[in-house]
Amino acid sequence: MSEELAQGPKESPPAPRAGPREVWKKGGRLLSVLLAVNVLLLACTLISGGAFNKVAVYDTDVFALLTAMMLLATLWILFYLLRTVRCPCAVPYRDAHAGPIWLRGGLVLFGICTLIMDVFKTGYYSSFFECQSAIKILHPLIQAVFVIIQTYFLWVSAKDCVHVHLDLTWCGLMFTLTTNLAIWMAAVVDESVHQSHSYSSSHSNASHARLTSDQHADNPVGGDSCLCSTAVCQIFQQGYFYLYPFNIEYSLFASTMLYVMWKNVGRFLASTPGHSHTPTPVSLFRETFFAGPVLGLLLFVVGLAVFIIYEVQVSGDGSRTRQALVIYYSFNIVCLGLTTLVSLSGSIIYRFDRRAMDHHKNPTRTLDVALLMGAALSQYAISYYSIVAVVGGTPQDLLAGLNLTHALLTIAQHTFQNMFIIESLHRGPPGTEPHSTHPKEPCQDLTFTNLDALHTLPACPPTPRLVSPSPSDQREAVAIVSTPGSQWRRRCLKDISLFLLLCNVILWIMPAFGARPHFSNTVEVDFYGYSLWAVIVNICLPFGIFYRMHAVSSLLEVYVLS
């Protein structure tokens with residue numbers, strides 16, 4: 001006792017502190033986010049400033065910035081690929097949920113279309129290279145190289161969980177993501193100003209000038225204009241504007257995949273193959289009633305015909321424009337109404353589905369849900385602006401009624417479709433029913449079952465559900481014995497997902513390739529004024545177009561996992 005008093009009170013053990021890896025993990029993420037914010041604000045300033053002639057920011061300045069960003073991102077991607085090849089231990093884990101095949105396939109498809117667009121842009125600017133800055137011809141060439149290298153990088157590395165040089169990897173991924181967002185902003189501004197310029201003549205608004213290429217390409221030093229007078233030059237010019245939607249979607253697809261990679265840097269994954277939802281190869285229309293695909297294809301074909309009629313007649317006289325708008329709104333009302341009812345039906349079917357909910361951490365699914373909810377806000381905004389304009393406006397005719405119905409159905413369709421998709425993404429695959437709360441019954445929790453052992457179990461139900469055995473034991477029989485109600489629900493869910501997928505494709509094609517009833521229908525323009533309404537549409541509509549394509553990728557995943 002005296003010795004303890006002499007030594008004084010014992011010191012308590014120090015509190016555990018976060019390891020150096022975790023501290024630097026937070027610091028590296030913060031550094032990469034700050035880098036991305038500053039670069040993105042600089043790009044946004046130049047791109048928005050270059051959209052108007054009254055601002056002394058020329059399109060060559062925008063091209064120079066984008067070219068420099070693409071070169072730096074390309075160099076980092078090459079360094080990353082070389083480093084991971086030389087160091088096999090750099091990627092000890094791979095996220096099975098990241099970079100699904102349909103997302104990478106869409107990235108390749110949009111990347112090919114972007115390469116074709118770069119060819120058209122190179123041909124367009126080369127048509128009068130004697131009076132053009134060299135950066136305008138160099139920009140599409142650098143972008144083509146960037147697209148090729150980045151597509152290969154995301155194809156082979158989308159699932160990587162890197163564990164070396166964390167800070168450099170975080171900053172590199174975030175800078176590449178920012179580069180894609182800057183390219184997306186430039187394409188959206190250019191395409192939106194081009195669409196606004198097409199309608200500005202009828203509203204006597206000359207302030208909406210083209211960003212990069214008009215019939216007269218602006219000379220940076222204020223000299224004479226370069227005339228695009230040849231037929232080949234005009235073909236190149238019109239061609240690359242029609243390919244802008246694919247470039248926009250490519251940049252957004254790449255950004256989402258890069259964000260998931262950024263979240264997976266330094267991530268540790270447990271070896272739980274039972275929770276992996278990697279789908280098995282399936283045929284397109286297997287286990288469906290064919291009602292969903294047939295009805296979806298019918299609406300898709302009718303939608304293409306309506307879109308062609310709209311594009312041909314909307315630029316005519318007043319009566320032809322009104323007729324085109326009536327046809328356009330009528331088709332969209334039918335399509336939106338059917339998709340709303342089908343989405344609501346899918347949510348009702350899930351009330352009777354016994355599949356367990358998947359609560360495991362999944363950065364890909366979290367990002368999908370956030371993008372669906374965030375992108376839908378843009379369509380909500382346009383719809384509510386239209387509702388206020390129609391209700392508060394003076395003309396109460398057939399066109400106003402169709403516009404109001406279209407706006408209300410757009411809100412309902414986005415709401416119920418998001419509910420269906422989000423619940424589908426959080427459902428486990430077939431065969432993941434919740435565990436029973438009655439342990440005394442031996443056949444309640446059958447998961448991987450040997451058929452021979454099944455007959456030895458006492459008092460088993462006549463129709464137990466069997467799930468395919470694990471791949472490690474191939475000699476066990478593989479059988480799926482399901483109740484008729486379960487099979488019926490699965491077929492309905494597959495039909496619903498395919499129908500919604502095809503409808504979202506046609507609803508993406510129409511606005512992406514130039515359908516702008518927001519300007520042809522003068523209700524909103526007269527109520528808000530052309531300048532304010534053009535700003536609202538040009539900001540919100542690109543996110544609405546992205547929502548449709550992102551919903552397509554999510555619905556394809558829902559179909560495969562149903």
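Start with the inside: there are 6 cavities of 30 Å³ or more. A cavity is a set of points on a 1 Å grid over the protein atoms alone where a 1.4 Å probe fits but cannot get out, and lining residues have an atom within 4 Å of a point. This is a predicted model, where local features need pLDDT of at least 70, side-chain atom pairs count only at pLDDT 80 or more, and totals for chains, interfaces and linings use all residues. Residues are numbered from 1 along each chain as its sequence is written, and side-chain values use heavy atoms, with hydrogens and water left out.

Now select Y328, Q379, H406, T410 and H518: of the 22 residues lining the largest cavity, these lie nearest its centre. Its volume is about 320 Å³, the space filled by probe spheres set on the points, with grid points joined across faces, edges and corners. Colour α12 next, as this helix gives the most to that lining, with 5 residues. (Helices are DSSP runs of H or I, at least four residues, numbered from the N terminus.)

Next stop, the second largest cavity, at about 140 Å³. Pick P100, L103, T364, D368 and H550, the closest to its centre among 16 lining residues. Two or more residues each come from α4, α8, α11 and α17, and α17 gives the most, with 4.

Finally, show α4 (101–126) with α8 (244–264). Which way does α4 pass α8? The crossing is left-handed, meaning the near helix is turned anticlockwise from the far one by less than a right angle.

Technical notes: Axes fitted to C-alpha atoms, helices over the stretch in contact; angles between N-to-C directions. 1 Å grid on protein atoms, 1.4 Å probe; cavity = no way out; pocket = protein on both sides within 12 Å on 5 of 7 lines; lining within 4 Å.
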